[in-house]
Amino acid sequence: MPLYVEKFGGESGALPWPVSRVLQTHRTQMASTHMRDLFAADPARAERFSLQVGDVLLDYSKNRITDETMRLLMQLAEEADVTGWRGRMFGGEKINNTENRAVLHVALRNRGNHPVIVDGEDVMPKVNAVIEKMGAFAGQVRSGEWRGYSGERITDVVNIGIGGSDLGPQMAVQALAPYRHPQMKLHFISNIDGAHVKAALESLNPATTLFIVASKTFTTQETMTNAHYARTWFLAQAQEDGHIARHFVAVSTNREAVTAFGIDPANMFEFWDWVGGRYSLWSAIGLPIMLAVGAERFIEMLAGAHAMDAHFREAPPDQNMPVILALLGVWYNNFFGAQSQAILPYDHALRSLPAYLQQADMESNGKSVDRDGKGVDYATGPIIWGATGINGQHAFYQLLHQGTRLVPADFIVSLEPPTELQEHHDILIANVLAQTEALMRGRTREETQLEMGSLEGGSESSQAGAFVQHKVFDGNHPSNAILLQTLTPHTLGMLIALYEHKIFVQGVIWNLNSYDQWGVELGKQLARRILPELHADAMVSSHDASTNSLINQYRCIRQRTTG
């Protein structure tokens with residue numbers, strides 16, 4: 001059944017909760033409501049629809065909502081039992097039902113250190129032991145106590161991983177640039193394209209380079225292919241296999257494979273199956289972050305996440321930041337047909353946040369089967385995309401303002417400047433505030449005519465014709481403003497945890513298991529099948545006509561270039 005009919009179009013079935021039908025009717029009633037009128041009628045709107053948690057402020061007043069909208073959305077959360085599922089997650093229940101696993105990234109930053117029980121065991125002693133081990137190792141490398149095989153100190157750290165083992169640490173290291181060790185550079189290799197690993201290593205000195213190989217199983221094809229290339233590159237200068245132990249460490253659970261690679265098992269940092277890859281930067285996967293900023297700052301990041309965890313766990317739904325963000329996303333996704341969500345950080349240090357949240361959100365809730373194994377007939381996870389704010393204004397904001405698609409947007413900015421360039425920051429702040437206002441207010445035809453007439457001396461010709469319409473903005477485009485006091489390890493932890501819990505709440509409302517990712521498996525299986533076929537002597541005919549043709553074209557080219 002269509003839930004919305006306007007220029008932002010699409011169709012979706014109803015959500016599996018009784019209040020969904022009431023929300024559908026309410027959405028119809030809201031179709032002709034413009035946010036500029038809501039602001040005009042309620043001077044206190046911004047105050048009522050905003051919320052502060054620590055140094056993070058959420059202003060969600062520029063959304064197509066009323067008090068009734070929020071009441072109904074809170075009822076939706078109640079019917080979906082968000083509170084109950086939240087308790088199950090924090091309690092260590094195996095809510096990842098397809099893999100029979102608990103979901104306990106929150107335990108990794110449990111700075112209150114209260115017991116977290118999984119299969120009858122408190123996991124906190126092991127969590128704390130790994131953090132302590134990471135801190136000791138990072139301290140040795142950062143101080144220069146840990147030396148390479150030639151006696152020189154480590155100047156470059158290369159993280160080799162993919163997915164959550166790459167996106168999270170890389171994003172956090174970028175975000176915390178002001179806190180990084182001044183004599184140590186961090187590099188990240190993930191792409192199996194050989195150009196990536198070659199470009200990353202060409203300017204490095206093997207004698208002063210430390211590699212972190214991040215793979216839970218130590219069998220991930222992309223990661224291990226790059227790791228073996230790095231090993232060969234290192235040994236070309238170091239010569240002796242014994243030197244590997246001073247230049248390679250592992251984040252893994254496969255002790256045997258780590259040892260076989262040549263890594264001292266004492267330098268293997270473990271994590272557990274209840275740590276999902278896209279939620280793992282809080283674990284030993286965060287070792288590059290700790291090497292970059294030190295143990296104290298890393299723990300501050302954990303503490304920030306823990307503060308948001310506490311808020312999410314304790315605050316009532318109508319004063320709960322992750323719940324509110326999640327419900328607003330459901331409102332547009334399921335009742336307005338919004339198929340995407342823009343993440344727009346106005347902070348160069350957060351330039352990788354959109355890519356990080358793409359994986360966190362789309363791998364979690366990009367599902368068409370619910371947790372009970374039944375196909376869904378309603379929209380689930382949106383497409384997550386975005387870029388840094390000012391650059392985006394000169395790239396894709398045209399579509400946000402005057403396109404035919406409704407794209408809810410999160411604007412993220414720090415109030416305090418990251419540098420001494422205050423004028424730059426003033427311009428930045430002016431732009432982010434202007435964009436949220438422009439998206440909300442728009443500009444009517446009458447306002448456009450008046451402005452054009454003023455600019456052109458009141459000429460009647462300038463106020464007539466179709467040209468005026470090109471400068472009209474409908475407005476009524478929703479956005480959230482997320483303001484950080486300043487970007488610190490603590491506020492970064494809060495921000496990431498905010499989005500993690502938003503994703504969790506939306507998964508509950510859509511009745512999904514947000515913590516598996518079976519959709520990535522088929523491509524991996526087929527790749528393993530195709531790889532040996534690229535070397536086949538005879539023509540390949542075991543796939544569809546297109547795939548066969550492409551394989552055979554590659555075979556011919558490969559045979560010509562390799563002899």
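Student: Which residue is the bridge partner of Asn 159 in strand 6?
Tutor: Phe 188 is the bridge partner of Asn 159. Strands here are DSSP E runs of at least two residues, and helices are H or I runs of at least four, numbered from the N terminus. This is a predicted model: local features need pLDDT of at least 70, side-chain atom pairs need 80 or more, and totals for chains, interfaces and linings use all residues. Residues are numbered from 1 along each chain as its sequence is written, and side-chain values use heavy atoms, leaving out hydrogens and water.

Student: How many bridges link strand 5 and strand 6?
Tutor: Five, in the parallel sense. Two strands pair if DSSP finds at least two bridges between them.

Student: And what is the strand order in the open sheet?
Tutor: The order is 6-5-7-8-9, with parallel pairing. Strand 6 (185–189) and strand 9 (268–269) are the edges.

Student: New topic. How many aromatic pairs are there?
Tutor: The count is 20. Rings of Phe, Tyr and Trp (its six-membered ring) pair if their centres lie within 6.5 Å; planes under 30 degrees apart are stacked, over 60 edge-to-face, the rest tilted.

Student: Why is the pair of Phe 234 and Phe 248 edge-to-face?
Tutor: Because their planes are at 75 degrees, with centres 5.9 Å apart.

Student: Are those two buried or exposed?
Tutor: Phe 234 and Phe 248 are buried. Buried means under 20% relative accessible area, exposed over 50%, partly exposed in between (1.4 Å probe, protein chains only).

Student: Which residues form the aromatic cluster?
Tutor: Phe 234 and Phe 248 are among them, including also Tyr 149 and Trp 233.
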